[in-house]
Amino acid sequence: MQKVKFTVPLAETKQVLVQRRPDGWKRMKKKQLRDSIIGSALDLVGEEVHVHAYSSFYSRLLNLQEEVGGHIHIVQAPGDIDSEELIRMVADGEIKRTVADQNVAQLNNTYYPNLDIDCEISFPQKIA
């Protein structure tokens with residue numbers, strides 16, 4: 001058995017829900033926009049989220065189900081699709097939502113301004 005040690009943490013990030021804002025979101029009032037998207041991890045009960053099965057995002061969603069006391073429909077993404085491709089698929093409306101590290105989501109949000117990445121689903125996590 002091989003063991004691996006991580007380096008000193010280089011940064012911190014959180015896991016965030018990546019979801020598409022509704023069509024016409026720029027013309028919506030703040031409350032109307034807030035009501036049309038998931039704003040809390042509690043609101044994920046009964047909802048569908050696409051992530052890789054062997055990712056930290058999958059593990060977090062499983063734990064979140066226990067914490068909120070309800071089922072989240074976790075769809076396993078194919079192994080040949082990376083996180084950034086899942087984010088693009090959300091932006092294009094091919095899937096409803098995924099989870100990403102906040103720093104990755106923020107970068108992709110510059111390319112896809114129709115994404116909402118404000119719903120945090122984890123505590124800060126160290127990146128090494």
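A salt bridge is taken here as a side-chain nitrogen of Lys or Arg within 4 Å of a carboxyl oxygen of Asp or Glu. In this predicted model, D92 and R88 meet that criterion, with 2.4 Å between their closest N and O atoms. R88 is also bridged to E94, where the closest N and O atoms are 2.8 Å apart. D92 is partly exposed, at 45% relative accessibility, and E94 is likewise classed as partly exposed, with a relative accessible area of 46%. Through shared partners, salt bridges connect E85, R88, D92 and E94 into one network.

The count of salt bridges comes to eight. Another of these pairs R20 with D23, at an N to O distance of 3.8 Å. The relative accessibility of R20 is 34%, so this residue counts as partly exposed. For D23 the value is 66%, which places this residue in the exposed class.

In soluble globular proteins, nonpolar side chains tend to be buried together. The largest nonpolar core of the model holds 15 residues, and those touching the most other members are L17, L44, V49, V51, L61, V99 and I121. Two or more residues of this core come from each of strand 3 (48-51) and helix 2 (56-68). Helix 2 makes the greatest contribution, with four residues. Apart from this core lies another, made up of 14 residues, including V18, M89, A105 and I117.

Leaving aside residues up to four places away in sequence, V51 is in contact with F57, Y58, L61, I74, V75, Q76, A77, L86, T98 and V99.

Helix 2 was examined along its length and around its axis. With 13 residues at 1.5 Å a residue, this helix should span 18 Å, and the 18 Å between its end C-alpha atoms agrees with that expectation. Its buried residues are F57, Y58, R60, L61, L64 and Q65. On the face turned away from the buried side, helix 2 carries the exposed residues E66 and E67. The packing partners of the buried residues of helix 2 are strand 2 (15-20), strand 3, strand 4 (73-76), helix 3 (83-91) and strand 5 (97-101). After helix 2 comes G69, which has a positive phi, near 70 degrees.

T98, one of the contacts of V51, is located in strand 5. Its relative accessibility is 1%; T98 is therefore classed as buried, the limit for that class being under 20% relative accessible area. A polar atom of the T98 side chain lies 2.5 Å from the backbone oxygen of H50. With residues up to four places away in sequence again excluded, T98 touches V16, L17, V18, V49, H50, V51, L86, I87 and V90. Among these contacts of T98 are L17, V49 and V51, which belong to the largest nonpolar core, as well as V18, a member of the other core.

Terms used:
Residues numbered from 1 in each chain as written. Predicted model: local features only at pLDDT ≥ 70, side-chain atom pairs only at ≥ 80, totals over all residues. Heavy atoms only, no water. Core = buried A, V, L, I, M, F, W, Y, C linked by side-chain atoms within 4.5 Å. Buried < 20%, exposed > 50% of the residue type's maximum accessible area, 1.4 Å probe, protein only. Contact = heavy atoms within 4.5 Å. Expected span 1.5 Å × (residues − 1). Polar contact = N/O pair within 3.5 Å; in protein donor to acceptor, adjacent residues only side chain to side chain.
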